[in-house]
Structure formats: C-alpha cells, structure tokens
Amino acid sequence: GGSFWAASADADMATYVSSERTKMLRLDVGERQIRDVAVAPEGHGVAVTTDGGAHRFDLGGPGKRGGLITTREIHRSASKPFGVEIDGDHAVVVGVDKLVHLLDLVSEGELRALSGSPHPLEDVAFVPGTRMILTGGSDGWLRAWDRTVAGGGLALRGHLNDVNSLAFSPDGERLITGGRDGMVIVWDVERAEPIEVFTEPVSTAVSYT
C-alpha cells in the first residue's frame with residue numbers, strides 16, 4: 001500500500017512509512033546532516049546532505065532490518081542541495097546552485113547538469129512515463145525540463161513564493177504541489193493548469209510512490 005520516505009533535515013535518520021508499519025533507519029553519512037532521501041521500489045536509494053553530497057545506499061531487500069545502513073558518496077556539488085528523486089537507474093538532485101543534476105546510479109557519475117532557473121530549486125520529481133523532470137523553486141514557478149536538453153522549458157505559475165514540495169499521483173495524471181504560501185495545488189498534467197487549490201495555515205509537503 002501507499003508508502004513514502006522522509007528524512008530528517010538535521011540528523012542521520014530516515015523514516016519509512018507504509019500502510020502497514022513505520023520503520024526508522026540510520027544512514028551512515030558520517031558527521032553530515034541529511035537534507036532529503038529518495039528510495040526506488042527495488043530497494044536502492046540516494047540521500048543528499050547539507051554539505052552538497054549525494055550518497056547511494058542499498059537496503060538489501062524488503063527483509064532488511066533496522067540498523068546502520070552503509071552509504072557511499074557518488075556526487076558532490078558546490079552548494080547546498082534541497083531535493084532528490086529516483087527513477088530507475090537515474091537520480092536527480094536540485095538545490096541552491098539552480099542546476100538540475102542528473103546522476104547515473106549504475107556508473108555512479110553525473111550525466112549532465114541542466115541550467116535555466118534564475119532562482120534556487122527546492123524540490124524535484126520525474127514526470128511518470130516521460131523524459132521530463134519537474135522542479136519547484138523559490139520564485140514560485142514550476143519548471144519542466146527535458147532530461148537531455150539544457151533550459152528550463154515549460155514554466156507554470158500558481159504559487160506566490162517558494163514551491164517546496166511536489167509529487168505526482170501514481171497514474172501520472174495529477175500533480176500536487178505545496179508552497180510556503182500555505183497553498184496546496186492539484187494540477188491537471190495534460191492541460192498544465194490547476195484543478196483545485198487548498199489553503200493551509202502552514203507549508204504542506206506531499207509525496208506518493
């Protein structure tokens with residue numbers, strides 16, 4: 001059933017939440033602090049740390065028990081990362097440097113860094129079934145990026161300021177975004193327009209897998 005991963009922004013702990021259980025895992029990232037975590041259904045994941053590092057780890061299958069999970073650094077940027085997401089053998093990292101870093105988890109290297117955002121990027125998601133990547137930034141805009149082409153591509157305006165969380169529904173037809181403006185917006189992906197807007201007293205994070 002529905003599950004997602006979340007990471008503490010000031011520790012080495014990650015929390016796995018599903019309809020059946022909640023489990024705490026400790027990732028071996030040394031003295032670094034975790035900013036975000038993404039895990040693929042196959043059981044491998046990437047954690048980004050506040051010093052700019054991206055760390056690959058493997059859970060060893062669904063039977064893996066709690067304890068210290070070994071990681072290895074596979075990428076480092078010069079600035080603070082905010083978000084990471086995984087799609088198969090690819091991961092994408094965004095942050096203060098305004099770049100979209102596309103990583104190959106097989107070769108454990110950077111495929112390319114896409115540029116085109118004038119402001120820091122705060123969250124990222126792969127668009128299901130396509131070559132596109134969607135980012136949310138501190139300027140309130142959502143930007144769609146082709147994995148193979150530099151440039152921000154399609155830009156959507158809906159939030160008043162920082163877009164700090166975004167996720168697609170499992171069928172890829174709906175996008176849900178949350179911002180520091182207290183709004184949660186449900187988007188029609190095909191039409192690239194909002195369907196519903198909810199106002200919350202505080203920023204709301206959303207996640208699907």
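**Close-up views of the predicted model**

At 33% relative accessibility, Lys 98 counts as partly exposed, because that class covers values between under 20% (buried) and over 50% (exposed). The model is predicted.

**View 1. Lys 98 in the loop between E9 and E10.** Lys 98 is not a glycine, yet its phi is positive, near 70°.

**View 2. Glu 108 in the loop between E10 and E11.** Strand E11 comprises residues 109-114. Glu 108 has a positive phi of about 55° and is likewise a residue other than glycine. Its relative accessibility of 26% makes Glu 108 partly exposed.

**View 3. The hairpin of E8 and E9.** Strand E8 spans residues 81-87 and strand E9 residues 90-95. The two strands pair in the antiparallel sense, with six bridges. Across the pair, Ile 86 stands opposite Ala 91 of E9. Two residues separate the strands, and Gly 88 in the turn has a positive phi of about 65°. Five of the seven residues of E8 are buried, so the strand is mostly covered.

**View 4. Asp 36 in strand E4.** E4 runs over residues 34-39. The relative accessible area of Asp 36 is 18%, so this residue is buried, the cut-off being under 20%. A polar atom of the Asp 36 side chain lies 3.1 Å from the backbone nitrogen of Val 84. Asp 36 and Val 93 are 57 residues apart along the chain, and their C-alpha atoms are separated by 9.6 Å.

Definitions and conventions: Residues numbered from 1 in each chain as written. Predicted model: local features only at pLDDT ≥ 70, side-chain atom pairs only at ≥ 80, totals over all residues. Heavy atoms only, no water. Buried < 20%, exposed > 50% of the residue type's maximum accessible area, 1.4 Å probe, protein only. Helix = DSSP H or I, 4+ residues; strand = E, 2+ residues; numbered from the N terminus. Pairing = 2+ DSSP bridges. Polar contact = N/O pair within 3.5 Å; in protein donor to acceptor, adjacent residues only side chain to side chain.
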